[in-house]
Amino acid sequence: MFGLMMERPLLISSLIDYAAKYHGRSEIVSRTVEGRIHRYNWADAQARAKRLANALQRLGIRPGDRVATLAWNTHRHLELYYGISGMGAISHTINPRLASDQLRYIMNHAEDALLFVDLTFVPIVEALMAELKTIRHVVVMTDEASMPAQTALRAPLCYETLLAGESPSFEWPTFDEKTASSLCYTSGTTGNPKGALFSHRSTMLHAYFMCMADFVAIARSDSVCPVVPMFHVNAWGVPYAVAMAGAKLVLPGPKLDGASLHDLFESEGVTLNLGVPTVWLGLLRYLDETGKRFSSLQRTLCGGSAMPETMIRALEERYDVRVTHGWGMTEMSPVGTVSALLPEQRALPKEQQYAFQAKQGRPMFNVELKIVDENGVALPHDGVSRGELLVRGPWVIREYYKDEAASRVAFDNEGWFRTGDIATIDEYGFMQIVDRQKDLIKSGGEWISSIDIENIAIAHPDIAEAAAIGLPHPRWGERPLLVVVPKPGRHPSKVEILSLIAERVAKWQVPDDVLFVDELPHTATGKVMKRSLRDRFGDFTWPAA
Ligand code: AMP
């Protein structure tokens, strides 16, 4: 027997309608690509998203069509999120920092019909345009006065002119909540990028989670700044959750350096920011150099790559910012776990609390985790057994978009998604990534965790960043090499770094050598590109034993 309750679909359009109606005066502030600060509110954003939906219809966009964006975090990008998904089309956010081969592949594979582009990225589109097979129009996200005077684009449209010509009345259509809403390709390091196609339902459920007390807890009283790009898994779903909470949204545009972010946080009373640890590297350096502090920032959600314990400690002890470490994947749209401490953990000595916060955390309701050995057998949650992490849940993909070959290997025979991460899970349910499957170092048949070595190295006061990579070795198959970026003006010695590591790991796990470099290569989302490092040092000669 079924219950007798209404079946109202969970649709993204209801978020902006709710924010406009009940929190219409909550502000949305963004630093624009043109440089000035733009300020309006949820009611204004709703009216402009509706103008946009009318414009999309006029340009021939139909439900299910893919509409691409190459854009920073700004109010116009926000309008695209709501206008495109609200009218039933699919918003396809693209990472502009990808190589041109990948961009071409992604846009052709997605068969995007329209492309909205920020001024900054017009040259990328000019170079690619001839090879983009399905794009009918390019819309430049600016006003008439700032349109590029000369461009190789054929008849580009102007965003502001397009909106000015439309009515702010638009009836959002009602459809099945399982309808696709947005598309994001992961810049996976092997093979072609793979598409994760989110639905209205998965997006809404994820937004509820982001507002849940005890986890990220976005609330009406917050001023939220997603530094994580809107082209990286919908800025972790923040633009949806902030509308659900009716909170203030602060969008940093293209200026992501420490000084600009600090300035924006201070002027807009930002209470919560979200981003990868690299962003904090820049912010902390700026604060250390200038002696400045935060007057409103209370907490940060940091993820995408491991947040070092030293950074968590610095933020909490020196700057009074509470750190929640999160883990997720594009394929999980994206948050899977957060390291919000349980009451019994808060009673532990501070040292132990930091150790838990440095783990990737426990899953929220609706995300299931398991770790398995190489035969797929589930391992115990004892904090020691390490295995591949598999996940299941209503905001996890069930297959990749139009990629049967990749989909076949991405799931086990019960439908769990293979994350490719190697993890432990402790008795509190806290998951810790100890390595990535593609990034383990196998020496003499034994595994070495590159993340463990990096975390120890990064605790050295003179080291800014460190990456451990496995390189071929004539005797052991592979051995670890540590590549280190010293802090400006500091000169840590090889011997002291290696003895620091030797204090914490087995002797055979200590890297065989340390190389000093000025910087490490990062992906657009802030992860160290290990493969590119391995290529760079491919002909490295090990020191004689
Ligand atoms: P992406 O799909 O680009 O977000 O990448 C997802 C992958 O990033 C995960 O499978 C992890 O390998 C890594 N990752 C994400 N968050 C963290 C974290 N907090 N600590 C360590 N690795 C992380």
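This is a predicted model: local features need pLDDT of at least 70, side-chain atom pairs count only at pLDDT 80 or more; totals for chains, interfaces and linings use all residues.
## Cysteines

A residue counts as buried when its relative accessible area is under 20%.

The whole structure contains zero disulfides. The sulfur of C225 has its closest cysteine sulfur in C302, but the distance is 13 Å, which is too far for a bond.

The salt bridges number 30. One of them joins R39 to E268, with 2.7 Å between the closest N and O atoms. This pair links distant parts of the chain, 229 residues apart: R39 belongs to strand 2 (residues 37-41), and E268 to the loop between helix 10 (258-267) and strand 12 (272-275). R39 is partly exposed, with a relative accessible area of 43%, whereas E268 is buried at 7%.

R58 and E166 also form a salt bridge, at 2.7 Å from N to O. R58 lies in helix 2 and E166 in the loop between helix 6 (159-164) and strand 8 (180-186), so the contact ties together parts that are 108 residues apart in sequence. R58 is exposed, at 63% relative accessible area, while E166 is buried at 9%.

## A salt-bridge network

R48 and E79 meet through their side chains in a salt bridge of 2.8 Å, N to O. The two residues are 31 residues apart, R48 in helix 2 (residues 42-58) and E79 in helix 3 (residues 75-86). R48 is buried, with a relative accessible area of 17%, and E79 is buried at 1%.

Both residues take part in a network of salt bridges that links E34, R48, R76, E79 and E160.

Notes:
Residues are numbered from 1 along each chain as its sequence is written. Side-chain values use heavy atoms; hydrogens and water are left out. A disulfide is a pair of cysteine sulfur atoms within 2.5 Å. A salt bridge is a side-chain nitrogen of Lys or Arg within 4 Å of a carboxyl oxygen of Asp or Glu. Helices (H or I, at least four residues) and strands (E, at least two) are DSSP runs, numbered from the N terminus. Buried means under 20% relative accessible area, exposed over 50%, partly exposed in between (1.4 Å probe, protein chains only).
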